[in-house]
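The paragraphs after it are meant to be read with the structure in view.

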Amino acid sequence: MHNSCVFINRRLKQVHLKVIQLHNNNTALLKKAAKNNREAQHELYKVHAPKMLSVCRYYIKDIQNAESVMLSGFFKAYTNLKNFKHQGSFEGWLRKIMVRESISFLRQQKNIEFSIEDVSIPQDYSNNINTEIEVAQIQQLIDELPEGYKMVFVMYAIEGYKHFEIAEMLKISEGTSKSQLFKARQMLQKKIKELNK
């Protein structure tokens with residue numbers, strides 16, 4: 001029993017050391033990238049590009065536009081890397097940049113309208129959408145939502161922003177954010193029911 005405890009402790013120490021080493025490597029990489037080291041910037045791009053492209057793709061239907069927004073997001077990140085405080089995760093910081101870039105792109109492309117109308121949201125309304133359809137189909141359904149609904153839905157349900165944060169970023173009221181989300185969910189549930197039939 002004693003030997004197995006020692007073995008587990010050794011394993012835990014190895015895992016702990018690996019985590020510290022990875023963290024230190026990431027910190028060193030970020031510091032190099034902040035000094036315009038191209039290799040370090042390329043390494044960061046290779047690690048984070050696939051996830052960041054999916055973030056942009058949630059908002060932007062056309063994959064080429066999503067890619068160019070992601071590239072401009074990386075450029076903005078490299079330019080502002082000195083402002084990254086190393087307090088939270090770099091990935092989280094980068095995601096926020098990608099979300100803002102996507103919103104900015106959509107604003108430039110079209111005049112996004114958020115329908116301002118009172119919607120009484122029932123107290124017992126479920127926030128969950130239960131479905132067994134494929135992820136690609138869900139993405140397609142999200143793409144079909146009106147732009148305002150889609151942005152709020154993605155920010156809330158996928159990115160995890162709170163309504164006050166969404167309101168601030170999109171320059172709308174919290175009530176509008178809540179009603180957009182409610183209507184987006186209603187529309188998605190209706191489309192999912194039709195697909196499940």
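Predicted model: local features only at pLDDT ≥ 70, side-chain atom pairs only at ≥ 80, totals over all residues.

Residues are numbered from 1 along each chain as its sequence is written, and side-chain values use heavy atoms, with hydrogens and water left out.

The chain has eight helices and zero strands, and its pattern along the sequence is therefore written α-α-α-α-α-α-α-α, where helices (H or I, at least four residues) and strands (E, at least two) are DSSP runs numbered from the N terminus. Of the 197 residues, 36% count as buried, a word that here stands for under 20% relative accessible area, with exposed meaning over 50% and partly exposed the range in between (1.4 Å probe, protein chains only). Among the contacts in the chain with a separation of 6 or more, 72% join residues 24 or more positions apart, a contact being heavy atoms within 4.5 Å.

One of the four, Lys171, lies in the loop between helix 7 (163-170) and helix 8 (174-196), and Lys171 is exposed, with a relative accessible area of 70%.

Side chains of opposite charge can pair when their charged atoms come close. A search of the whole structure finds seven salt bridges, each defined as a side-chain nitrogen of Lys or Arg within 4 Å of a carboxyl oxygen of Asp or Glu.

One of them joins Lys46 to Glu43, whose closest N and O atoms are 3.6 Å apart. Because Lys46 and Glu43 are three residues apart in helix 2 (residues 38-59), about one helical turn separates them. Lys46 is partly exposed at 48% relative accessible area, and Glu43 is also partly exposed, at 33%.

How far apart are the closest N and O atoms of Lys150 and Asp143? They are 3.2 Å apart in the salt bridge between these two residues. Lys150 is buried, with a relative accessible area of 2%, and Asp143 is buried as well, with 11%. Together with Arg57, Asp143 and Lys150 are linked in a network of salt bridges.

Another salt bridge brings together the side chains of Glu144 and Lys191, at 3.2 Å from N to O. This pair links distant parts of the chain, with Glu144 in the loop between helix 5 (135-143) and helix 6 (147-158) and Lys191 in helix 8, 47 residues apart. Glu144 counts as partly exposed at 39% relative accessibility.

Helix 8 also holds Met187, which is partly exposed at 29% relative accessibility. Leaving aside neighbours within four places in sequence, Met187 is in contact with Leu145, Pro146 and Tyr149. The C-alpha atoms of Met187 and Leu141 are separated by 9.2 Å, although these residues stand 46 residues apart along the chain.
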